[in-house]
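Trainee: I have a structure to go through before the group meeting. Can we take it in questions and answers?
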Amino acid sequence: MSPYRGSAAFTDEWKHFDLALDDGVATVTFSRPDKLNALTFDVYADLRDLLAELPHRGDARVLVLTGEGRGFCSGGDVDEIIGELQKLPAGELLAFTRMSGTVVKSMRDSPLPIVAAVNGVAAGAGAVLALAADFRLLAPEAKFSFLFTRVGLAGADMGAAYLLPRLVGLGRATELLVLGDEVSAERAVNLGLASRIAEDLPAAAEELARKLADGPALAYSTTKLLLTRELDLDLGGAIEMEALAQALLMKSDDFGEFYAAWSEGRSPAWSGR
Amino acid sequence: MSPYRGSAAFTDEWKHFDLALDDGVATVTFSRPDKLNALTFDVYADLRDLLAELPHRGDARVLVLTGEGRGFCSGGDVDEIIGELQKLPAGELLAFTRMSGTVVKSMRDSPLPIVAAVNGVAAGAGAVLALAADFRLLAPEAKFSFLFTRVGLAGADMGAAYLLPRLVGLGRATELLVLGDEVSAERAVNLGLASRIAEDLPAAAEELARKLADGPALAYSTTKLLLTRELDLDLGGAIEMEALAQALLMKSDDFGEFYAAWSEGRSPAWSGR
Amino acid sequence: MSPYRGSAAFTDEWKHFDLALDDGVATVTFSRPDKLNALTFDVYADLRDLLAELPHRGDARVLVLTGEGRGFCSGGDVDEIIGELQKLPAGELLAFTRMSGTVVKSMRDSPLPIVAAVNGVAAGAGAVLALAADFRLLAPEAKFSFLFTRVGLAGADMGAAYLLPRLVGLGRATELLVLGDEVSAERAVNLGLASRIAEDLPAAAEELARKLADGPALAYSTTKLLLTRELDLDLGGAIEMEALAQALLMKSDDFGEFYAAWSEGRSPAWSGR
């Protein structure tokens, strides 16, 4: 989404998840199925770095997150993260919590729309990663659990206490984050925590990602970023930001293309510029 | 709602919509039914000016917005707005997007409660006008579509990306603004995007508007304005603002009238003062 | 929740409601059942003072609010508050509205999770007290009514216009606060205004309070306070606050206890430290 390249090379091989690229759609698949895709420090670091380079790689206009096997992502691995954290000094703990927070911040700040295809359990940090996406599509067996307090930690992790009330309201967010109870796919949809349940989740995720990749990318991207920013603006600032953004979009190729296509009675051929 | 008049005369004739006044109820009816009440630059300018003078005209305590014919408001006219915008320089585009943003800002800042009686399709800017009202009553055939991205523009238009997440949550707002999908009347009510469906919409809108016009206008107006402002305040500032506002209202004629009426076993005769 | 004591003695006897303490659960029972537990100036003052001392008394880890008899709390007593307010000068009115606002502020700022066990009507200020709790459990006959405008006052009272939109969205909050209409228990749950309806409310409230009192109190408390604070932070500030808080919690006894218990195949024995 940005044409500006610097000296840094792009990463050739992501070692801690699978990355697939298909005509503008980047798909991260968490790939520790025997652990329900529990996170390790390495997975976090790869997510941090991928989110940093993805907007200027030039080969992706949408990002999909999904999991291999029965789980989406079961959160921090009990052995490889929770056990290790017991031994770390304060400064290294903070370096870890800041890294995980950076992943969520980068997802919300990314110009790419992000789709979470939640194929099974999304627990702890896995639930927050789903929360930080723009769209959540669920397999019928998907479920969410913000189970942080069950391990003695705060339900406020990686921005969960900022994001969840803005999706489902303060009362329901309090229940889910303080108690860590499980949320079924059906309840998640009813609460506004997810868009819908898809019987064939891979097909539904592919269809949505394709639409986002082939559509007016600048319009989609601007909408997503203004949604992110305007949660933190007041009414006057938000309206001025939208006036500036929309005036810019009115000078975009895609807005001209819409009108040309409409005048000629054909479908627009979006360039995303 | 304000007794202070300046030198400027009030407008005698609104050329680009119908304005009716009935004992405190001002009703704007969009009146291009053959175009599903598509907006023109002139309609926006008249809305901007009406909203500016309405609070000090003295003859209106509530504003109703509705449409003539099958549509409520189908947004910017493809010929008269979208076509024209293709030709404008950047500064004039910004003057337009700021004018349309001002309409929404003025609706939210108006001391008058505003009722959108959505009689049919509310699309694009028409959907945002409905969103900026305080109450949305729907005909069974009403529907919403924030279709901006379908013309290559940002779904963040006139404050939509500020308002919609605060009505229906961030997840659902993202879906509606990024994808521009249509929302039926029933789904709109379920999402909290509208109050209810009325089989007889004109009667329901008249009943609500009459109640707002005949009730304790200062109490209604203060409630509406504090709802607007407190979206942008922190908890401490909000509670202090409410303490100040309520202490003032306790010195109002209507609060005294309530207690007198209650003591005498009769209904209060509200003056709105 | 705080070990720091000053010179001030704790209050021996609360004269204007019943306070019971049971192994970490403090229960306030409004006790004017013949008046549906209408509030007096004295009840407000006792709430203000109890909320100030509760966090450092050391004998309470959760607070329950409930009512004796048919009502939860019917709001300001018409004779003892509304009648008296008619006579007060501006400064004393403001002292009253600030006191009532302080009660809500202290509830939201309290490190103790607060459960409202809404056993009947919660009206006016009674509805706002329920709103300021973290959890709302309802008897089947519970109902809410933010009836301020019906007495000529603003629906924005004690922070209601800040809190309600953040629980149920701006559109529904506008309806409820401007019009003051009654909300049934069932609708309250559907709107996200309450967690659930319990046929046996005292048992359900006791169960939830016991869980909160016996669980990882520092984790619960931190989650609640960050939910409160992050409503007023931007995304970046919220994520940094969570990173700092979670790094601290990773140094807590309870996080260590979780891992030890998990390693030993037993349930954790939470100390709340």
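Mentor: Begin with a definition: two strands pair if DSSP finds at least two bridges between them. Keep in mind that this is a predicted model.

Trainee: In what order do the strands of the open three-stranded sheet in chain B run?
Mentor: The sheet is open and has three strands. Its pairing is mixed. The edge strands are S5 (121–123) and S8 (182–184) of chain B, each pairing on one side only. The order is S5-S7-S8.

Trainee: What is the average twist from one strand to the next?
Mentor: Stay with that sheet of chain B, ordered S5-S7-S8. From one strand to the next, the twist averages 15 degrees.

Trainee: At about what angle does helix H4 of chain B run to S5(B)?
Mentor: H4 of chain B covers residues 125–132. The helix lies across S5 and S7 of chain B. Its angle to S5(B) is about 100 degrees.

Trainee: Which residue caps the N-terminal end of H2(B)?
Mentor: Helix H2 of chain B spans residues 78–85. A side-chain oxygen of the capping residue lies 2.9 Å from the backbone nitrogen of B:Asp79. The cap is B:Asp77.

Trainee: Now salt bridges. How many does the rule count over all chains?
Mentor: The rule asks for a side-chain nitrogen of Lys or Arg within 4 Å of a carboxyl oxygen of Asp or Glu. Over all chains, the count is 57.

Trainee: How many residues apart in sequence are the parts tied together by A:Arg229 and A:Asp109?
Mentor: Their side chains meet in a salt bridge, 3.1 Å from N to O. A:Arg229 lies in helix H9 (217–230) of chain A and A:Asp109 in helix H3 (90–109) of chain A, so the pair ties together parts of the chain with a separation of 120 residues.

Trainee: Is C:Asp23 buried or exposed?
Mentor: C:Asp23 forms a salt bridge with C:Arg210, at 3.8 Å from N to O. C:Asp23 sits in the loop between strands S1 and S2 of chain C, and C:Arg210 in helix H8 of chain C, 187 residues apart. Exposed means over 50% relative accessible area. At 54%, C:Asp23 is exposed.

Trainee: Is A:Thr29 buried or exposed?
Mentor: A:Thr29 is found in strand S2 (24–30) of chain A. Leaving out residues up to four places away in sequence, A:Thr29 touches A:Phe17, A:Asp18, A:Thr66, A:Gly67 and A:Glu68. The cut-off for buried is under 20%. At 18% relative accessibility, A:Thr29 is buried.

Trainee: On to chains A and B. About what area is buried between them?
Mentor: 46 residues of chain A are in contact with 50 residues of chain B. Carbon and sulfur atoms give 68% of the buried area. A:Leu227, A:Leu235 and A:Phe255 supply 17% of what chain A buries against chain B, more than any other three residues. The area buried between the two chains is about 4000 Å².

Trainee: Which residue of chain B forms a salt bridge with A:Glu240?
Mentor: Across this interface the rule finds one salt bridge. The closest N and O atoms are 2.6 Å apart. The partner of A:Glu240 is B:Arg98.

Trainee: Which element gives the most residues to the side of chain A that touches chain B?
Mentor: The rule also finds 20 residue pairs in polar contact across this interface. Elements giving two or more residues to the side of chain A include strand S6 (135–138), helix H5 (160–168) and helix H11 (253–264). With eleven residues, the element that gives the most is H10(A).

Terms used: Residues are numbered from 1 along each chain as its sequence is written. Chains are lettered from A and ligands numbered from 1 in the order in which they are written. This is a predicted model: local features need pLDDT of at least 70, side-chain atom pairs count only at pLDDT 80 or more; totals for chains, interfaces and linings use all residues. Side-chain values use heavy atoms; hydrogens and water are left out. Helices (H or I, at least four residues) and strands (E, at least two) are DSSP runs, numbered from the N terminus. Axes are lines fitted to C-alpha atoms, for helices over the stretch in contact, and angles run from 0 to 180 degrees between N-to-C directions. Contact means heavy atoms within 4.5 Å. Buried means under 20% relative accessible area, exposed over 50%, partly exposed in between (1.4 Å probe, protein chains only). Buried area is the accessible area (1.4 Å probe) that two parts lose on being put together, summed over both. A polar contact is a pair of N or O atoms within 3.5 Å; within protein, one must be able to donate a hydrogen and the other to accept it, and residues adjacent in sequence count only if both atoms are side-chain atoms.
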